[in-house]
Amino acid sequence: MTDKEDSGRYFEPYPEAGWTLGEGQTNFEKHQQYKEDEGEDKWAPFGNEEEWGLAEWLVKSLGQTKTDEFLKLPITQNRTKPSFHNNQSFLQKVDALPHGPAWNCKKVSIKGNWTDENGQLLHEDLELWTRDPVECIKELIENPLFKEYMVYAPSRAYKDEAGSKRIIDDMWTADWWWDKQRELPEGTTIAPIILASDKTMLSQFRGDKLAWPVYLPIGNIAKEKRRQTSACATILIGYLPATKLDCFTSDARSLGGYRLFHHCLSLLLEPLIAAGQDGVDMVCADSLIRRVYPILAAYVADFPEQCLIACCKENRCPKCLVAANERGDLLNSLMRDPELTKEILERQRSGQHPVEFDEYGLRAVYKPFWADLPHTDIFLAFTPDLLHQLHKGVFKDHLIKWCLDIVGETEIDARFKAIPDYPGLRYFKKGISSIKQWTGTEHKEMQHVFMALITGAVPSRVLIVVQALLDFCYYARLHMHMSESLDALENALAVFHAHKDVLQELAVREHFNIPKLHQLSHYVQSIKLFGAADGFNTELPERLHIDFAKEAYRASNKCDYEEQMVLWLQCQESLFWRTTYLEWVAAHRFDIFHQVVIILPPDPHVSELPKCLRVRATPETLPSSSGWKPGSPKRFDMALVSSDGIQASKALLTLNAAVHVAQVHVLFRLPHQFGAYSRPLAYIEWFTPFREPDESSGLHQISRSTRHLRRNSPVIHVDEIIRPCHLIPKMGQSVNPTWTSANVYELASEFYLNTFIDLETFCMSTTST
């Protein structure tokens, strides 16, 4: 194990992933630089902070008609006097704000099998709204607000230093990323794409308006951040056509829908083919450039949509080849194979009619959207669906119903009414039998009390079944797994299958050939591949429907609504972008210094006078656009620092165990909102302790220190800096031709401490302890 976190985890990082190619600028940094170059106020194009606040309120609270009415009020024009006088001029300013990747509308024409009165086949012209998924990934991976939650390389996490107790939680600790990294050139960065799609109703009580959003987060962002809808760590990349397909006869409509879905997703995801094959240079949240390979890793969808994606019938498993009538048994069936599936579909298209086409329960979709996506196994990509498979499916639709059939509604309701109060626990004062509309939260609330509630009301053998399924629900919901919890998950399912026959004996169930029940057999494999199941729950897409579909639809005039929805969302996105940019600016409003001056006491071996030295921390500046002001390179000096927190004035001027090398990146003082803290601070990157001197040169060897797979970068007090020092890269027999004076500190991995840089350093090295 090479790294340890404060939580007691030990990490084995993948050795050749996430390499950096240099420094870049995030969108926030580019925007800040642009405003400085143009001399613009940070509130522009709005006049000041108050006008910006008014703009936020108008976009969030009023529609376009009401905005126009408000801006034309005499009190608004005469007293408030904003720089925009009507809705049109206001929207021009909003449009001038930065926003995410642009929207495009693609026309899709489908020809059905119905004919009109002239014998011509009917057709429908549809709209597919898309955004470039590669640009959306860039938007996510470079967002500075995700910097502390971003990972660029896989790693194996362990509870013990010996590496015998594996931990799996986030995607980067699971197996898929590690295994996939081996297929790519060394040093590259994978952006594991997580797609989610789900058709949703837009209109309430009347009408039949539908939307089919497609969402995209990436596995580089920690799942705790991805789950926060307010963090906007998931981007809407498209609206698929949600049509009734009236140009098809009823018997052909389902297959027509399958083909339309795959054709539209092929158009939407087409940019991922080249990007996944060759990689794309992207500026990341830490302002460093990496070669990123965006690869579809996981797909979050409910069961019918999984079958749609897998090109299989809904009476079959979209992940494996279990027979249609054997899904009620605990079998270890072969997984579906993408290459074999493509071959079977192609043979079916060419008229060969392979027997596997029917045996595997396939639909005649000859161009699946995933066919050309590199490094993608779409069947493995389906992740556990805790909401529909566990809470709504196995627990509510089956386990609750079985127990109601055994005990009766009256007794079950009476037991729920008798549950004692507990802080935060939902109390079902009328029981559960009369509830028509359930939520995932209510299912989980029922699970909290169901085991004790049902005890005594059902035979003991039924209790074993109940406990096994509840155990499975709880183990599947864990945010972190070890081998013990995964074994317990498998054991709970095995116990259920071993005792489920009691439900048939009681005439509660005739068979267990239940699709959602079969899906539980794939949970352990998915968790080992992609991480804990809470990172892929369909509850998040359903919550996102409110912001990205339903609210956008309400803001439209309900006619040609998708175009209006896109424009409204772009307006909201511009507002959010500017708000987060201002938060980022405020968080970075520090007093920044470009150097610290250190006065060393006289060393009698060298001089009788004190010596004045500088440690610089100056970023690169580019030449002005006019050419009058030249640029200057970045200078982040190396320094000897007291590693035990002792002030430099009290530290011994020797190379001992309490003195480490660090690179100084920022010198600053905290702003007033952090309280009265007068001591200036430094943001540094540690190097490792000094190793034994090189046998040939006698120079001490060091390398960069890492923590949690990132450079070990603390903030220290400036007075802990002892003096500047100089490092020279370990060049070997021939120097790397890409190294320059400006980039060698970033590209080299091993360094020598140059003890000959001056007499004082030489004397320190000769008296090291």
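Guide: Let us begin with Arg-347, which is partly exposed because its relative accessible area is 24% (buried means under 20%, exposed over 50%, and partly exposed in between, with a 1.4 Å probe and protein chains only). Please keep in mind that this is a predicted model, in which local features need pLDDT of at least 70 and side-chain atom pairs count only at pLDDT 80 or more, while totals for chains, interfaces and linings use all residues. Residues are numbered from 1 along each chain as its sequence is written, and side-chain values use heavy atoms, with hydrogens and water left out.

The partner of Arg-347 is Glu-356, and the two form a salt bridge whose closest N and O atoms are 3.9 Å apart (a side-chain nitrogen of Lys or Arg within 4 Å of a carboxyl oxygen of Asp or Glu). Glu-356 has a relative accessible area of 22%, and so Glu-356, too, is partly exposed.

If you now turn to helix α12, which covers residues 338–349 (a DSSP run of H or I with at least four residues, numbered from the N terminus), you will find both Lys-342 and Glu-339 in it. These two residues are three positions apart, which is about one turn of the helix, and their side chains meet in a salt bridge with an N to O distance of 3.1 Å. Lys-342 counts as partly exposed because its relative accessibility is 23%, whereas Glu-339, at 54% relative accessibility, counts as exposed.

Helix α23, made up of residues 539–554, holds another pair, Glu-551 and Arg-554, and because these residues are three apart in the helix, about one helical turn separates them. Glu-551 and Arg-554 form a salt bridge in which the closest N and O atoms lie 3.0 Å apart. Glu-551 has a relative accessibility of 33% and therefore counts as partly exposed, and Arg-554 is also partly exposed, its relative accessible area being 40%.

To set what you have seen against the complete picture, a search of the whole structure finds 36 salt bridges, among them the one between Arg-347 and Glu-356 with which we began.
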